[in-house]
Amino acid sequence: MQADYFAFVASAYGISALAIAGLFAWVFVDAKAQRRALQALEARGIRRRSEAGGSRDAPGAAR
Amino acid sequence: MTDVSTSAKPSRFSILANPTRFLELSGKLQPWLYGAALIAVAAGVFLGLTAPADYQQGMTVTIMFIHVPFAWLSMMIWTVMSLSALGTLVWRHPLADVSVKAAAPIGAVFTVLCLITGSIWGRPMWGTWWVWDARLTSVFVLFLMYLGLIALTRALEEPGKSAKSAAILVLVGFVNIPIIKFSVDWWNTLHQPASVMRMDGPAMPAAYLTPLLVSALGFTLLFFALHLTAMRTEILRRRVAALSRLAARRAEG
């Protein structure tokens with residue numbers, strides 16, 4: 001009887017592991033892509049005003 | 001920013017309202033969250049897989065140790081988004097919309113996993129993969145709402161424009177959360193009623209309750225870790241978009 005159920009348990013755990021691994025991959029690939037894009041812009045000399053020593057604050061900063 | 005940090009002691013709330021400060025703090029917190037989450041998930045799943053077989057359900061009871069945490073997360077993530085939506089509408093917190101947008105895909109994954117693992121559990125125990133009863137249907141509606149929210153938060157180029165409508169959708173959708181929770185009490189359903197959160201205490205032996213709680217804690221920590229990473233990415237994405245516009249303006253001028 002236990003062997004009959006093994007396929008159900010294994011597929012539940014297997015599908016969950018795959019989906020969560022996929023979620024991890026997507027979250028970290030996206031994070032890396034945005035970090036790279038920001039670095040590429042900064043390498044071209046395009047910086048945020050707050051980091052370029054300007055007087056105005058970063059958009060969205062605290063009131 | 002400087003006047004806030006020097007003149008008066010800023011509240012935690014306003015410190016976190018500064019995306020740069022948020023990136024610093026979350027960067028430090030992140031590895032600890034992932035570490036704790038992985039330890040708890042591994043411990044919960046190990047204890048769950050080595051738990052004794054149920055006298056009625058056999059080894060299918062081990063599906064509970066992932067199915068129940070996924071179900072809990074599907075509702076908790078929408079609740080987290082609802083609090084964030086209040087942050088958007090009431091306090092205009094700059095990170096509230098970032099939080100909603102980052103949480104939605106993670107919530108959708110855990111909700112669909114709740115449906116899939118429940119279906120796989122239902123087949124041997126109920127004799128059917130799916131029934132359109134109150135509990136299953138209300139969770140399916142929650143999944144559809146996650147998909148709608150993902151579409152809405154990604155439909156417009158300018159993130160600020162969709163923030164308000166997304167926040168309203170989240171708050172309207174929140175009425176579904178108590179419906180899901182109490183659906184097993186209000187209507188006839190194949191799904192069993194609550195067995196952990198009960199007035200008379202959990203109706204479950206410790207051999208099952210301990211792995212279930214450890215696993216639920218682990219997946220909850222895992223959500224917060226992933227949410228933090230996704231929020232950080234969203235902040236960077238908005239910076240990239242703003243800087244790209246700046247670069248385009250410079251190129252024109």
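## Close-ups of a predicted two-chain contact

**View 1. Where chain A meets chain B.** The contact draws on 34 residues from chain A and 48 residues from chain B. Keep in mind while looking around that this is a predicted model. Between chain A and chain B, about 3,600 Å² of area is buried. Carbon and sulfur atoms give 76% of that buried area.

**View 2. A salt bridge across the interface.** Here the side chain of B:Arg237 meets the side chain of A:Asp30 in a salt bridge. The N to O distance is 2.8 Å. How many salt bridges turn up across the interface of chain A and chain B? The rule finds one. It also finds two residue pairs in polar contact across this interface, both at pLDDT 80 or more. As for the side of chain A that touches chain B, its residues divide into 20 nonpolar, six polar and eight charged.

View 3. Over all chains, the count comes to 15 aromatic pairs. One of them is made by A:Phe28 and B:Tyr34, whose ring centres sit 5.8 Å apart.

View 4. Is B:Tyr34 buried or exposed? B:Tyr34 has 11% relative accessibility, so this residue counts as buried. A:Phe28, on the other hand, has a relative accessible area of 37%, so it is partly exposed.

View 5. Now we move to chain B, where B:Ile177 lies in helix α8 (residues 176-186). With a relative accessible area of 8%, B:Ile177 is buried; the cut-off for that is under 20%. Which residues does B:Ile177 contact, leaving aside its neighbours within four places in sequence? They are B:Met75, B:Trp78, B:Thr79 and B:Leu142. Take B:Leu142 from that list: along the chain, B:Leu142 and B:Ile177 are 35 residues apart, yet their C-alpha atoms are separated by 8.2 Å.

Technical notes
Residues numbered from 1 in each chain as written. Chains lettered and ligands numbered in written order. Predicted model: local features only at pLDDT ≥ 70, side-chain atom pairs only at ≥ 80, totals over all residues. Heavy atoms only, no water. Contact = heavy atoms within 4.5 Å. Buried area = accessible area lost by both parts, 1.4 Å probe. Salt bridge = Lys/Arg side-chain N within 4 Å of Asp/Glu carboxyl O. Polar contact = N/O pair within 3.5 Å; in protein donor to acceptor, adjacent residues only side chain to side chain. Nonpolar A, V, L, I, M, F, W, Y, C, P; charged D, E, K, R; others polar. Phe/Tyr/Trp six-rings, centres within 6.5 Å; stacked < 30°, edge-to-face > 60°. Buried < 20%, exposed > 50% of the residue type's maximum accessible area, 1.4 Å probe, protein only. Helix = DSSP H or I, 4+ residues; strand = E, 2+ residues; numbered from the N terminus.
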